[in-house]
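Have a look at the sequence and the fold before reading on. The notes below are meant to sit beside them.

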Amino acid sequence: MNFSAPTMCKQARSRLLVLLLVLGAPLIVCAQSQEPRARFSVEPSNPGTLYGVGMQGEPFKFTAYVTGARCYELSFGDDPGTREKVLPADDGKGIHIHTYNSSGTYNANMQAWSDPDCELGELPPVFTLEIRVEAPPPAPQPRTIVLVQPSPPAVTVQAPPPAVAEQWPPPARPASTVPPAPEKSDTLPWLLLLAAIAILLSKDWGLTGTGLVTFEATRDQGGFDVIDAAASMRVRHRKPEFDISDDATVISVKKGEL
Amino acid sequence: MTTTLGEALTAEDKSASFLKHQSIKDGYDQAKAKLDKKRKKLNRPALLDTEAPNDALKKAFFRALDIALDDILGRAWAGWDELRRLADLEKTPPDEIHRVTVSDHTIESQHEPSVDIVVDGIPFHTFDFKVTAQLKVKSIDLQVQAGEITAIRLGSLELGGLVKLGDRKLLEKKMAEVTLDEHVMHLSKPIPIRAKKSHAKMDVAIDA
């Protein structure tokens, strides 16, 4: 058979179009599908994986969503007996911040309940996320910076952590948490100084000795709201236990109301 | 009955002065030391010198024990073996109402609320409370329908208890009668009688 170049090209284009339509249609349908019935996510996390990665002492933000849930029960794997009850917000999501105090790999579990006390009406299954908690990197060695006149004050500045914005699904985490090695340059000290001044000027010191801190006991049932730049009291519960004395017996059962 | 466990336990100490115990102050000092270490430049430790944390701790403590006494009674009976047979809907039709008369007895409930001092999302100290309450109940009738406790009638109720921080005793409430607003309490939210199966499932979930 003899195929001319334009004919072959045209055929290839039409085949590509058909292929795109066949492959693309399900993608479009997926994209337009309804809100999934259940989600359990954590920030920070590695993109495209089912595990969270973060630093020891760094807050992890857990977000739970199950259609019809009126209470979420979360456990974080670092204290097996502790479970947190989180009440959903108006959008149905339960958000909880947890901090791991030591490095390691933990399993965080989420169970949704149709009962606001997380006692009855389990909504299976139990969702599990693996959390990898890394030890903080060693503090950088102090550098001696010699500056020519005018001599600025020596300032040690730690950059503030980035604000965690409400985002769904969780944002991708940078591949490496270790900052790149600084380049050797004569302008580096000046750049560091400028950055330090910029941070000092832009930082909202908020509570420094101004009495702005408000302690607030947040809502019970284990849920709590972190108030930015503030201190709060967080209430957690373990499931209460009840014991009935042995002398309790049913004397009679009769039909009828009280 | 709208009396909560917190109110009943602190009936003789409404200002919750037991929360000014030395062990609580020690907790503030520990939090302060940690804050001092971490946030020296922000001068935040001074915040714990004010009265604000005391008030907040009191508020948090009462929220943790904001559990209605009838809810405690209902939940205890809901897990009681003798009532479980009445929850069998195959043997008792859902429209049938039963009045169950129960002998006088005592219920012990144990609660372990923890209150964390959190600054910028980071916990700096945890107060682990242990609360034990004994509820002595007399002349009890329960109304059971469709596997749920829908109403409770009590002749009298006495309550005593203990509040501990770790192993230190903060408050001991001697057994005393609780005034009942009404002797028949129709539960706005009926309490389902629990099957044993649901408990077993919870245990598995904890181990997972």
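## Ground rules

This is a predicted model, where local features need pLDDT of at least 70, side-chain atom pairs count only at pLDDT 80 or more, and totals for chains, interfaces and linings use all residues. Residues are numbered from 1 along each chain as its sequence is written, while chains are lettered from A and ligands numbered from 1 in the order in which they are written.

## Confidence in chain A

pLDDT is the predictor's confidence in each residue, from 0 to 100. Chain A averages 63, with 50% of its residues at 70 or more. Residues 24-36 of chain A stay under 50 and have zero contacts beyond four places in sequence (a contact means C-beta atoms, placed from the backbone, within 7 Å). Residues 141-184 of chain A are also below 50, but that stretch has 26 contacts beyond near neighbours in sequence.

## The cores

A nonpolar core is a set of buried Ala, Val, Leu, Ile, Met, Phe, Trp, Tyr and Cys residues joined through C-beta atoms within 7 Å; buried means 20 or more other C-beta atoms within 10 Å of a residue's own, with C-beta atoms placed from the backbone. The largest core has 55 residues, and B:Leu73 and B:Leu135 have the most contacts inside it. Strand β4 of chain B (residues 122-138) gives the largest share, seven residues. Beyond four places in sequence, B:Leu73 touches B:Ile107, B:Leu135, B:Val137 and B:Ile152 by the contact cut-off.

Another core, of 24 residues, lies apart and includes A:Phe60 and A:Tyr65.

## A strand pair in chain B

Strands here are DSSP runs (E, at least two residues), numbered from the N terminus, and two of them pair if DSSP finds at least two bridges between them. In β3 of chain B (residues 114-119), five of six residues are buried.

Conventions
Contact = placed C-beta atoms within 7 Å. Buried ≥ 20, exposed ≤ 12 C-beta atoms within 10 Å, placed from the backbone. Helix = DSSP H or I, 4+ residues; strand = E, 2+ residues; numbered from the N terminus.
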